[in-house]
Each structure stands twice: as C-alpha cells, then as structure tokens.
Amino acid sequence: MSAAVTGVAGAFSATLKRDLLVAYKRKNDLMNPFMFFIIVATLFPIAISPDPEQLSMVSAGALWIAALLASLLAMDNLFRSDYEDGSLEQLLLSPQPLYFMVLAKNLSHWLVSGLPVVLVSPLIAYMLNLPDDSYWALFLGLLIGTPVLSLLGSIGVALTVGLGSRGLILAVITLPMSVPVLIAGTLAVQETQNGASLAGYLAIMGAMLLAAISLAPLASAAALRISVN
Amino acid sequence: MGQPFLAKSNERKAVFWVNLLDMSDSPQASPAEKNNSNTMLVAESLFCERDDRILFQHLNFELTHGQVLQIKGNNGSGKTTLLRILCGINDSYEGAIFWYGHSIRARREEFFSELLYIGHRVGVNKILTPMENLRWSCNLQRSVADQDLRTALSAVGLRGFEDSQCFALSAGQQQRVSLARLLVSKAKLWVLDEPFTTLDVEGVALLERLIAEHAENGGAVLVTTHHPLTVPQLQTLFLGQLPEGESR
C-alpha cells in the first residue's frame with residue numbers, strides 16, 4: 001500500500017514541479033491573466049462612471065467578471081503545449097491514476113494564474129470603491145471560487161485540446177458551468193452588505209470547491225483520453 | 001495520416017490484408033495458449049477503420065519475451081494507429097488485447113507500469129532542459145534518483161547538454177532525450193514509433209544495441225521504422241498491401 005502511495009505522491013509532485021517550472025520559464029504567459037484582470041477592472045470606471053457611488057454598486061460584479069475572464073484566458077495553456085509535444089501521451093500512459101495527474105496540473109495552473117488575481121483583488125477593489133465591510137467577502141469568495149473556475153475550465157480544455165481551430169468553443173463550454181460560482185460569489189458580497197452572515201455563502205462555495213476537486217479531474221481525465229484518441 | 005493508398009475515399013471494397021512473415025517459431029495464439037508464461041502481449045482479431053477505410057482486420061499476433069517485432073507498411077497503412085491501439089491510447093478498435101492473459105482495458109495500471117511508449121511526438125518540452133524532461137517522464141513511472149538520470153543522459157550522448165534548454169537542441173538530440181528513458185525505465189515492453197528518423201549513424205547504432213540488449217534480457221520491443229534493422233531477434237509484421245516482389 002505504502003509503495004502505491006509513494007508512487008502516486010512522486011508522480012503528483014513531479015508533475016506539479018514540472019508545470020510550475022514551465023510556467024516560471026514562460027514569464028509572459030505567467031503575467032498575462034494577471035495583467036488582463038487589472039486592465040479589465042480598470043475599464044469599468046472609464047466606461048461606466050468615475051462616480052464613487054455608482055462604482056461601489058458594480059465593483060463586486062466587475063471584479064468577479066474580470067476574474068472569470070482572466071481564468072478563461074489562462075485556461076488554454078493547461079494541456080495545449082503538452083498535447084503538441086507528446087507529453088500528454090506520457091501522462092496518459094502513467095501507471096498512476098490520471099485523476100491525481102490532472103489535479104496536479106490544475107493545482108499548478110491555479111497557483112500561477114488564479115492566486116495572483118486573488119492576491120491583487122483587494123487593491124483593485126479599493127480602486128473601484130468597494131464598500132469597506134465587503135473586502136473579506138470578496139477576497140475569501142475569490143480564494144475559494146477561482147480554483148472552482150480553474151477545475152471547471154480544465155474539463156472544457158480537455159475536451160477541446162484535440163481540435164485544430166477552437167475559437168470560442170472553450171468559452172461556450174466553460175462559461176455556463178461557471179455561472180453558479182459567479183452567483184454565489186457576487187451574492188456573498190452584496191448580501192453581507194445587507195447584514196447576512198458570510199459563513200453561509202462561504203460554506204456553499206466550499207461545497208462547490210469540494211465537489212469540483214473530487215469530480216472535475218475525473219471528467220477532465222476522461223475527456224483527455226477521448227481527445228488524445 | 002497520409003492519403004489512402006488503395007481505396008478511393010468512399011470505396012470500401014478494396015482488399016487489405018495483414019500478413020505475418022517469419023513467425024514460424026511463434027504460432028498463432030489460440031485461447032488455450034494465452035496463459036503461456038512466455039507470452040507477453042496477445043492481439044486477437046483486431047479491426048480498425050478510419051474514415052470508412054479499413055486499416056486492418058483479423059489481425060492476430062502475439063509477442064513473447066525476447067522478441068523484436070518490426071511493423072512495416074506504406075505511409076498511411078496504420079502503423080502508428082496500431083501502436084497506439086496496443087498501448088491503450090487509441091480506443092477505437094474492435095477485438096481484444098491481452099497482457100499476460102488479462103485484457104489491457106481491465107488491467108490498465110498493471111499494463112502501463114510495464115510499458116514504455118515513445119511516439120512520433122517524443123514528449124520533450126522545449127522550454128525545459130533534458131534533465132527536467134527526463135526527471136518528469138521517469139517519475140511518472142516510479143521514483144528515480146537524479147544520478148541515474150545523468151548517467152542515462154550521458155549514455156545517449158547528451159553529456160554537457162543536461163542543463164541547456166531543449167530549444168537549443170537539434171531534433172536528433174531531442175530524440176536522444178526520449179531514448180534516455182529506455183535506459184532508466186524497467187518496463188518490459190517498449191513501443192517505439194519511428195525512433196530512427198532523426199538519429200545520426202551513431203544514434204542508430206546505439207538504439208539498435210539497446211533494442212537487442214532489451215530483447216536479450218527478456219523484454220519485448222514493438223517498433224515501426226523504414227530503416228532496415230539488424231537485430232538478431234527481429235520479426236516482421238506487414239500492414240496493408242505487400243510490395244511487388246515479396247511473397248506472402
């Protein structure tokens with residue numbers, strides 16, 4: 001039993017380290033989602049109104065949409081280069097369960113593309129005049145919600161990785177699945193302003209995260225096997 | 001995949017056959033022989049079609065310890081497809097494949113731990129160094145010490161290139177990175193898809209030696225190549241139509 005566990009752990013950490021290393025060496029890809037998030041969020045005051053009152057109304061929704069689009073933008077890198085250079089076949093032929101390999105890739109992907117967005121979000125929220133009592137709701141919501149977005153997105157990427165020209169198909173598959181996260185995330189911010197307890201919303205989002213961690217890699221793994229066929 | 005070499009795209013009647021050459025010492029598998037301890041991999045009445053074109057049908061063969069099976073065929077005859085089917089990457093076939101008497105679909109993890117596949121695309125990430133690539137692909141199978149990886153890389157002629165990015169390496173050197181996996185792996189079955197294409201004369205000799213040694217040590221090798229192999233344990237499987245002048 002312990003040999004099997006060390007085998008899985010070894011392959012998991014090897015995959016995680018490799019993906020982090022690849023991300024580190026591709027620095028422009030590393031910065032893309034982060035910069036995209038900041039730019040999209042910056043467009044809202046320009047397009048809507050610089051009036052603090054009005055900004056304060058839309059700030060939480062704007063931040064969540066920007067985070068969702070940034071996560072979508074980064075998704076495409078997840079399996080693409082591995083598919084093109086044949087590494088994905090090595091991954092599929094590993095004797096270790098594909099579930100853990102996909103989970104490792106998702107984790108590294110979120111650390112690189114999701115976490116920076118979460119960390120910078122309070123700063124952007126300040127720029128958009130988010131009400132003072134909503135920072136924790138936004139920050140914790142994004143912290144729990146962005147991994148869900150990554151995990152759901154990886155299903156769409158796994159399904160489309162074998163297609164030559166994909167265009168918008170990834171967004172069409174992924175964005176509808178992301179709607180519940182978006183609803184819970186924005187509601188958490190709005191309703192806590194009205195005096196609701198934050199814990200309830202975080203619990204719902206935590207449940208989404210646990211469901212996504214346990215089920216999404218299975219779906220991604222199955223989709224990868226079909227795509228590489 | 002290239003264009004079909006015989007059939008027009010909508011013509012299904014064209015005859016394709018699969019022939020076994022030099023298989024006299026390994027008789028066709030019958031169900032009773034499946035548990036023969038010397039038999040590693042058995043393929044039973046494999047059938048595969050692609051775009052309404054039958055690539056192969058009624059394909060039976062078995063692979064025993066110490067055997068090197070070269071799969072020949074024209075471009076587009078389904079060599080790569082056959083290898084991917086035998087590895088379990090491609091699932092769109094009919095028939096059955098047995099690994100030590102058990103279907104590979106049922107015993108996937110057991111089978112994968114004894115399998116080493118080097119495909120057309122060699123699985124080398126160009127941003128990483130040979131060392132980093134090798135470390136990852138070997139650790140997917142089992143934990144390997146860095147020292148063993150360095151030894152393997154210098155054995156395939158990449159001494160001094162361990163820590164330079166694969167972008168800077170030639171296609172042949174990238175192929176050698178994947179060959180280093182052959183040295184580190186303990187897999188019994190090697191499946192190599194066109195491994196000679198980018199190698200120089202020395203590389204070809206090295207790979208031929210590795211294949212021969214692996215077969216001597218009781219392993220088995222499935223290989224597609226147009227390169228004339230000079231390995232003593234060699235047997236040939238021909239896909240598609242035989243070239244002029246060769247008998248069945």
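Mentor: Start with a definition: two strands pair if DSSP finds at least two bridges between them. Keep in mind that this is a predicted model.

Trainee: What makes strand 4 and strand 9 of chain B a pair?
Mentor: Four bridges join strand 4 (residues 68–73) of chain B to strand 9 of chain B. The cut-off is at least two bridges, so they pair. The two strands run parallel. Val68(B) stands opposite Val221(B) in strand 9 of chain B.

Trainee: How do you know that strand 8 of chain B pairs with strand 9 of chain B?
Mentor: By the bridges again: five bridges join strand 8 (residues 189–193) to strand 9 of chain B. At least two are needed, so this is a pair as well. These strands run parallel. Asp193(B) stands opposite Thr224(B) of strand 9.

Trainee: Which helix lies on the path from strand 8 to strand 9 of chain B, and what is the hand of the crossover?
Mentor: The chain passes through helix 6 (residues 201–216) of chain B. This β-α-β crossover is right-handed. The term applies because, with the strands pointing away from the viewer, the path over the helix runs clockwise.

Trainee: Why is strand 9 of chain B called largely enclosed?
Mentor: Count its residues: five of the five, residues 220–224, are buried, so the rest of the structure largely encloses the strand. Buried requires 20 or more other C-beta atoms within 10 Å.

Trainee: Which residues of strand 9 of chain B point which way?
Mentor: Ala220(B), Leu222(B) and Thr224(B) point one way, while Val221(B) and Val223(B) point the other way. All are buried. In a regular strand, side chains alternate between the two faces of the sheet.

Trainee: What makes helix 1 of chain B mostly covered?
Mentor: Eight of the nine residues in helix 1 (residues 79–87) of chain B are buried. Among them are Lys79(B), Arg84(B) and Cys87(B). Just after this helix, Gly88(B) takes a positive phi of about 85°.

Trainee: Now chain A. What does its pattern contain?
Mentor: Helices: nine of them, and zero strands. Along the sequence the pattern is α-α-α-α-α-α-α-α-α.

Trainee: How do you know that the radius of gyration of chain A agrees with a compact globule?
Mentor: For 229 residues, a compact globule would have a value near 17 Å; chain A has 18 Å, which agrees. Its C-alpha atoms fill a box of roughly 55 × 40 × 30 Å along the principal axes. Buried residues make up 47% of chain A.

Terms used
Residues are numbered from 1 along each chain as its sequence is written. Chains are lettered from A and ligands numbered from 1 in the order in which they are written. This is a predicted model: local features need pLDDT of at least 70, side-chain atom pairs count only at pLDDT 80 or more; totals for chains, interfaces and linings use all residues. A residue is buried if 20 or more other C-beta atoms lie within 10 Å of its own, exposed if 12 or fewer, and partly exposed in between; C-beta atoms are placed from the backbone. The radius of gyration is taken over C-alpha atoms; the globule rule is 2.2 Å times the number of residues to the power 0.38.
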